[in-house]
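Me: I would like to learn how to read the features of a model such as this one, taking them one at a time. Please give me the general idea before each case.

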Amino acid sequence: MAELAALDDPKARAVNEKHGDDHGVNLGKLRALAKRLKTQQELARELWTTQDTAARLLALLVCRPKAFGRDELDAMLRGARTPKVQDWLVNYVVKKNPHAEELRLVWTADPDPVVASAGWALTTERVAKKPEGLDLPGLLDVIEAEMKDAPDRLQWAMNHCLAQIGIEHPEHRARAIAVGKRLQVLKDYPTSPGCTSPFAPDWIAEMVRRQAPPVA
């Protein structure tokens, strides 16, 4: 904890706080610290209990993802207060845990939009890597009905799922693009030069273009 405190940079903290993350540790330095510590599950649990954001991020880097129980992960998500902690928990830990599918179903149906957004993030992972058994037309129905008025984090997660369906599944691409165009979600989101817009129709078109074989 003393080492993390020494790494805290007020300028980095000011930038992070604009995104809802209350820490000032450079993530490259945090990863270097995690690399030095290597995997330590008990240390990870102790770091998590501090409720300090930087400590929790470090915990997620040094933990053993498959060692957590279902209820433990559920409690961790509900207690994760900041977007970065939530994202890392889902992407670095839950996706590698044997309870991921069970949690996906529970979280997607949760009335808390932040919890539901984690369920949608896990659904997006399945759309890309293990779509067998998913009802893709049904997902598009839900997105079309609910994404426009969803709170920010949930809207972002549903939009990512919409784009992933369009990118990975040509048979649903036309409908995914049409849903995106009709809802206009994130159409005017500020995008840096060279970066892909999160507006689903543009995102789908760009990723499909990149995947196309080069013209001889």
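Me: Let us begin with accessibility: is Glu-101 buried, partly exposed or exposed?

Reply: Buried means a relative accessible area under 20%, exposed means over 50%, and partly exposed is in between, with a 1.4 Å probe and protein chains only. At 30% relative accessibility, Glu-101 falls in the partly exposed class. Please keep in mind that this is a predicted model, in which local features need pLDDT of at least 70 and side-chain atom pairs count only at pLDDT 80 or more, whereas totals for chains, interfaces and linings use all residues. Residues are numbered from 1 along each chain as its sequence is written, and side-chain values use heavy atoms, with hydrogens and water left out.

Me: With which residue does the side chain of Glu-101 meet in a salt bridge?

Reply: The general idea is that side chains of opposite charge can pair when their charged atoms come close. The rule used here asks for a side-chain nitrogen of Lys or Arg within 4 Å of a carboxyl oxygen of Asp or Glu, and by it the count comes to 20 salt bridges. The partner of Glu-101 is Arg-126, at 3.0 Å from N to O. This pair links distant parts of the chain, since Arg-126 is in helix α9 and Glu-101 in helix α8, 25 residues apart; helices here are DSSP runs (H or I, at least four residues), numbered from the N terminus. Arg-126 is buried, with a relative accessible area of 15%, whereas Glu-101 counts as partly exposed.

Me: Which parts of the chain does the salt bridge between Lys-95 and Glu-125 tie together?

Reply: The closest N and O atoms of Lys-95 and Glu-125 are 3.3 Å apart. Lys-95 belongs to the loop between α7 and α8 while Glu-125 belongs to helix α9, so this pair ties together parts that are 30 residues apart in sequence. Lys-95 is partly exposed at 26% relative accessible area, and Glu-125 is partly exposed at 23%.

Me: How many residues apart are Asp-74 and Arg-78 in helix α6?

Reply: Asp-74 and Arg-78 are four residues apart in helix α6 (residues 70-79), which means that about one helical turn separates them. Their salt bridge brings the closest N and O atoms to 3.0 Å. Asp-74 is buried, with a relative accessible area of 15%, whereas Arg-78 is partly exposed at 41%. Elsewhere, Asp-141, Glu-144, Arg-175 and Arg-182 are linked in a network of salt bridges.

Me: Turning to pockets, how much space lies in the largest pocket?

Reply: Rolling a probe the size of a water molecule over the atoms shows where empty space is left. On a 1 Å grid over the protein atoms alone, a cavity is a set of points where a 1.4 Å probe fits but cannot get out, whereas a pocket is an open set with protein on both sides within 12 Å along at least five of seven lines, and lining residues have an atom within 4 Å of a point. Grid points are joined across faces, edges and corners, and the volume is the space filled by probe spheres set on them. The largest pocket holds about 1100 Å³. It is lined by 35 residues, of which Pro-83, Lys-84, Asp-87, Arg-153 and Trp-156 are the closest to its centre. The elements α2, α7 (83-93), α9 (113-129) and α11 (152-168) each supply at least two lining residues, and α9 gives the largest share, seven residues.

Me: Finally, where does Leu-186 lie?

Reply: Leu-186 is in the loop between α12 and α13, and it has a positive phi of about 65° although it is not a glycine. Leu-186 is buried, with a relative accessible area of 16%.
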